[in-house]
Amino acid sequence: MTPKLRTALALSLSTLCATTASAQAEVTVQFWHSFSKGNEKALEQIITNFEAANPDIKIDADFIGNYNDIVTKLQAAIPANRAPDAVIMEVTRYGLFADRGVLADLTGYLDADPLKEQLFDFARKVGVYNGKNYIIPFNSSTPVLYYNKDILTRAGFTEEPALKTYDDVLKVARQITEKLGSEGISGVAAPGQFARWGLVMDNDSNLIDPDSNEVLLDAPNTIEAYQWMASLVHEHKVASPDGVTEEDNGRDAFWAGKVGIMFNSTGNYTQSRKALGDKLAVRPMPCNKVCSVPIGGAGIGILSSAKQEVKDAAYKFISFAASAESNAIWFAGTGYMPINKGAARQPAAAEALKTQPGIDVAIEQLEFAHGRPRPPVVTWMRSSEYDQWQAMALGQRDVAETLKAFATSTRNESQRLSN
Amino acid sequence: MPRKFTPYLFVLPLIAFIVVFTYIPILTSLNLSVREWDFLSPDKPFVGFENYRLLLDSHEFWNSLRVTAIFAFVSVPIRLVLALLIASFLVRETLSARILRGALFLPFVTSTVSIAVIFSWVFSTDYGMANALLRAIGGEKVPWLQDPAIALWVLILVNTWKQLGYDVIIYIAGLQAISNELYDAAAVDGGGRLHVFRRVTVPLVMPTTYFLLVISVIEAFQIFTIVNVMTHGGPAGATDMLVNMLYRTGFTLFDIGKGSALAVLLFAILITLAWIKARVIGRKVHYEA
Amino acid sequence: MKPDNPLVTGLALVAGLIFLSPALYSIWMSFQAADAFYAGKLKFTLDNYALAIGQYHFARYLLNSIIVSGLVTVIGITLSTMAAYAFARYEFPGGNFLFGAVIATLMIPSHISLIPNYLTLAKVDLLDTYAGLILPAISNGFAAFFLRQYIRGIPRALDEAAYMDGARPWQVLWRVIVPIAKPAILSMGLYVFITEWNNYIWPLVAVGKEDLYTLQIGLARLYRLNPGEGGIDWPLVMAASTITILPVLIGFVLIERHLVRGITMGAVK
C-alpha cells in the first residue's frame with residue numbers, strides 16, 4: 001500500500017468514527033459558500049484567522065456549488081428546516097429570500113458596527129433590499145475582458161487591437177479562429193450569465209429596469225445583444241458550444257490556452273493569472289453603445305431561523321470577513337474588488353496591486369458600474385435563463401421570439417410571486 | 001385455528017408504507033397541482049387549473065413530451081429486435097453463450113450514474129474514446145453531447161447498452177419455454193434457419209415481446225439518471241425528458257404547483273400505458289395460449 | 001454446460017470485451033496518473049483511489065450505500081414476505097381489495113410521490129437522515145406480489161402439519177414457509193438491493209448533508225464539480241466510478257445465477 005493510500009484510509013476511518021466527537025466549540029456556525037479551488041483557499045485563510053481570534057466560535061464551511069446551486073439548495077431547505085446559519089447570496093438573487101422573511105434583517109447589526117463607515121458605498125448598497133440590510137458584502141466584482149496575449153500575437157496581432165465594440169471583438173475572434181482553429185483554439189469563450197448581463201448593459205439596455213423593476217428581456221437592445229452573443233456560437237462559430245452547455249467549460253478552456261478572449265468576473269483574475277502567467281491581459285468590458293457594467297458578487301446573509309447566539313456569532317464572522325485585513329487577503333487571493341476602504345492600505349493588497357497587472361481593471365470600471373435590481377422574480381429569471389440561452393446560442397430557436405416568450409413568462413412569474 | 005385478525009397483522013406494515021408513501025402522495029400531488037407555492041410562502045393559494053393551462057401552453061412541455069416519445073418509441077424497438085436476435089444465438093447452454101450473456105447482462109446491474117459518467121467521458125469532445133476512434137479512421141471530432149441534433153441519440157445508445165442484457169435474458173427465458181419439437185417440426189417442413197426464426201420463434205415469443213415492449217416504454221418515460229448526469233436536459237432542451245422537466249420545475253425553479261401538475265400528467269400517461277398493457281397482453285397471452 | 005469449439009469461445013470472449021470496453025477502459029484509466037495520462041503516457045498509480053477515499057470521502061459514501069441498501073432490502077423483504085404469506089394463505093374480508101392496492105403500485109410511477117414525500121419527511125424532520133433515505137423505498141409491491149405467487153405453490157399440507165404440532169401462524173411462516181421459499185426470497189432480495197443501490201432521484205432530493213451521500217450522489221457530484229485545476233480530472237472520477245461499481249460487480253460474479261433467476265422470474269408475471 002502506498003503511504004498516501006494508507007493515510008487516506010486512516011483519515012477516512014477516523015472521520016467515520018469522529019463525526020460527533022470533534023472538539024466542541026461553544027457556538028458553531030454552519031456556513032454555505034460558493035468558492036472552490038484557489039478561491040476556497042483564500043476563504044479558508046480568512047476562516048482560520050477568524051477562529052484564531054474567536055476560539056469560542058467554529059465556522060463549519062461547506063462548498064455547495066455555484067450561486068445558482070446555493071439558491072436552489074436553500075429554497076429546498078426551507079420547508080425541511082435544514083437551512084444553514086449563514087449563507088453566501090449573490091447580489092441579484094437574495095431579494096426573494098429577503099422578501100419571504102428567510103433572511104434576517106441585519107440593519108441593526110450593521111448600524112452598530114464601525115464596518116458600516118468602512119465599506120465603499122457601492123458595496124454597502126448591494127446589501128440593501130427595500131431599505132433594509134439583508135446581506136453584508138463579501139466579494140464584489142464586475143465582469144472584465146480577459147485575453148491571451150500569446151494567442152493574439154500568433155493570430156497576427158502585433159499591436160493590441162481595439163476591443164471597444166461588438167464588431168471589434170468579433171473581428172479579433174474571427175481572425176483567431178481562422179488562424180489557429182486547426183490547433184483547437186477558438187476566438188472567444190461563450191459568455192457566462194454574468195457576462196451576458198454585462199454585454200446587454202453595454203448595449204444600453206438591461207434585463208430588468210433598475211428603477212421600475214420592469215422586465216426588459218424583450219427590449220430591442222437586449223434582443224440585439226443576445227443576437228450578437230448567440231451569433232458568436234452558431235453563426236460565426238468563433239465560440240465553442242462546450243461553453244454554452246456548461247458555463248465553466250469556457251473558462252477552463254481559456255485557462256488551458258484554448259481560447260483567445262473571455263468575458264468573465266474579475267473574481268477569476270488570480271486563477272487566470274496562475275494558469276496563464278504573463279500571457280494574461282485584462283481590459284475593461286466593451287462599450288458597444290454605452291460604457292456600463294453590472295456590479296456582481298455576493299454578500300453573506302444570516303437565516304432568520306438561526307438561534308440568537310448563533311446569529312450573533314455569524315454576524316461576528318461576517319463583519320470579520322469584510323474587515324480591511326480579511327478583504328485585502330481576499331482581494332489579493334482572488335481578484336475580487338476591495339469592498340473595504342481600508343483594504344488598499346493593507347500590505348497584502350498593496351503588494352497585489354504592484355505585482356499583479358490587471359487586477360485593478362475592475363476597480364477602474366467602477367465609475368461606470370451599476371447595481372442591479374433584485375425583485376423576487378430575478379431568482380427565477382436567472383435559473384430559467386440558462387436554458388433559453390442554450391436554445392438561442394445553439395441556433396435552436398430564434399432569438400427575438402425566444403426572448404419575447406421568456407419576457408412574457410417572466411412577467412407572469414413576477415405577478416405570481418407578488419400574489 | 002388462527003384468529004380472525006391474524007392476516008391483517010401480517011399485511012398491515014406493508015399496507016401502511018404503501019398508503020403513506022404511494023397513495024397519499026397521489027392525493028397530495030393532485031391538491032398541490034391546483035395551488036401555487038414556492039416552498040417559501042406560508043400560504044398555498046388555490047388557482048384552479050391555471051398550472052395545467054400554463055403547462056399545456058408552454059413550448060417546454062410539448063418539447064419534453066416529444067423528446068420523451070422519440071426516446072421511448074425509437075430506442076425500445078431497436079433494443080427488442082437486437083435482443084431477440086442475440087437471444088436466439090445465446091439460448092444454447094454453451095460456454096461461449098454463457099460468457100456473452102454475462103457480458104451483456106453486466107451493465108444492467110451496474111450503477112446508472114457510473115454508466116452515465118463513463119459515457120460522458122466516451123463522448124466528451126476532447127478526450128473521449130468516440131472521437132479518438134473517429135480520428136483514428138480519419139474523421140473529424142464530433143461534439144456529441146453539445147449538438148442538439150446528436151445528444152438524444154447518444155442517450156438512446158447509452159440506455160440501449162445498459163438495458164440490452166435485461167431484454168436478452170428475458171427473451172432467453174421465453175425461448176427456453178418453446179419446446180424443441182416445434183423447431184424440429186418446422187425444420188422437417190424444410191424451412192431454413194431464417195424461415196424457422198420467422199415462422200416459429202417470432203410468433204411464439206410474442207407474449208415476451210409485448211411484455212418487454214410495454215415495460216420498456218413505461219421505463220423509458222421515467223428515465224432520469226442518465227439525463228441528469230450527462231446533459232441536464234440540454235443542449236437547448238434536446239434531451240429534456242419529462243422526469244427531468246419535473247425535477248427542474250419542482251426542485252430548481254420551485255414552481256411546486258406546476259411541478260405537481262406535470263407529475264399528475266405524467267401519471268396519467270403512464271397509467272394509460274399500463275392500462276393498454278393490461279388489455280393487450282391480457283388478450284395476446286390468452287390468444288397465444 | 002457444453003464446452004464448444006475453442007475458436008467460438010475465443011470469439012465470444014473478444015465480443016464480450018468489446019461490448020464492455022468503455023467500462024473496462026474506465027477501470028484501467030482509474031489506475032493512471034492524471035498528468036501522465038493527459039500527456040499520452042502511462043504511469044500506474046493508486047493515488048486516484050487515495051484521493052477519492054481521502055479527500056472526497058468515498059469510503060463514507062460506500063458505507064452509506066451499504067447501510068441504506070441493506071436496510072431497505074432486509075426491512076422491505078421482511079414486510080413483503082409477511083404480506084405475501086397472508087395474501088397466499090388467508091381468505092379475509094378486504095383481502096382482495098388490499099391485494100389489489102398492493103398490485104396497483106406496480107403501475108404507479110414513483111415520480112408522482114417525489115414532491116409529496118419530500119414534504120412528508122420534511123414535516124417529521126427526517127430529511128438528511130438514514131431513515132429519510134430508507135422509509136420511502138421500503139414498500140415494494142412487486143416483491144409482495146411475486147412472493148405470494150411463490151408461496152401459493154407450496155403445499156398447504158405442510159402448514160397444516162405444523163398447526164397440528166401447535167405452531168402459531170408466525171411460526172409457520174418462519175419455520176415452514178421461509179425455508180422453502182428461501183431461493184425466491186434470496187433472488188428478490190438481490191433484486192431489491194441492486195435497485196436500491198442504484199437509486200438516484202430520491203437520494204438526490206432527500207440528502208443535503210455530505211455525510212449522508214450515497215455513492216451515486218457522491219459520484220454525480222464529483223463529476224459535476226470538476227475537481228482539478230483545468231477541466232475534469234478523469235482518472236480521479238473513474239476511480240470513484242470504479243468504487244461505485246465494484247461491490248455490485250463482485251456480487252454479480254458470485255451470484256449471477258440467483259440474480260438472473262430473480263430477474264426472469266420478475267418478468268413472468
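In chain A, A:Trp32 has A:Val87 as its bridge partner in E3(A). The strand involved, E3 (residues 86-90) of chain A, pairs with E1(A) in the parallel sense over two bridges; strands are said to pair if DSSP finds at least two bridges between them. The model is predicted, so that local features need pLDDT of at least 70 and side-chain atom pairs count only at pLDDT 80 or more, while totals for chains, interfaces and linings use all residues. Residues are numbered from 1 along each chain as its sequence is written, and chains are lettered from A and ligands numbered from 1 in the order in which they are written.

| Strand pair | Sense | Bridges |
|---|---|---|
| E1 (residues 27-33) and E2 (residues 57-63) of chain A | parallel | seven bridges |
| E1 and E3 (residues 86-90) of chain A | parallel | two bridges |

Opposite A:Thr28 stands A:Lys58 in E2(A). Together with helix H2 (residues 37-53) of chain A, E1(A) and E2(A) make a right-handed β-α-β unit, right-handed denoting that, with the strands pointing away from the viewer, the path from the first strand over the helix to the second runs clockwise.

Chain A is assigned domain 1 (27-140 + 296-370) and domain 2 (143-293 + 376-418), with bounds from an automatic or database domain assignment. Their C-alpha centres lie 26 Å apart. Domain 1 of chain A contributes 27 residues to the contact and domain 2 of chain A contributes 26 residues, a contact being two C-beta atoms, placed from the backbone, within 7 Å. Elements giving two or more residues to the domain 1 side include H2, helix H3 (67-77) and strand E12 (296-302) of chain A. That side divides into nine nonpolar, 15 polar and three charged residues.

Between chains, 70 residues of chain C are in contact with 66 residues of chain B. Helix H13 (residues 234-267) of chain C supplies the largest share of the chain C side, 13 residues. This side has 51 nonpolar, 16 polar and three charged residues; Ala, Val, Leu, Ile, Met, Phe, Trp, Tyr, Cys and Pro count as nonpolar, Asp, Glu, Lys and Arg as charged, and the others, Gly among them, as polar.

The largest nonpolar core has 306 residues, and B:Leu155 is among those with the most contacts inside it. Such a core is a set of buried Ala, Val, Leu, Ile, Met, Phe, Trp, Tyr and Cys residues joined through C-beta atoms within 7 Å, buried requiring 20 or more other C-beta atoms within 10 Å of the residue's own. Helix H7 (residues 148-176) of chain B gives the most to this core, 15 residues.

Methods: A residue is buried if 20 or more other C-beta atoms lie within 10 Å of its own, exposed if 12 or fewer, and partly exposed in between; C-beta atoms are placed from the backbone. Helices (H or I, at least four residues) and strands (E, at least two) are DSSP runs, numbered from the N terminus.
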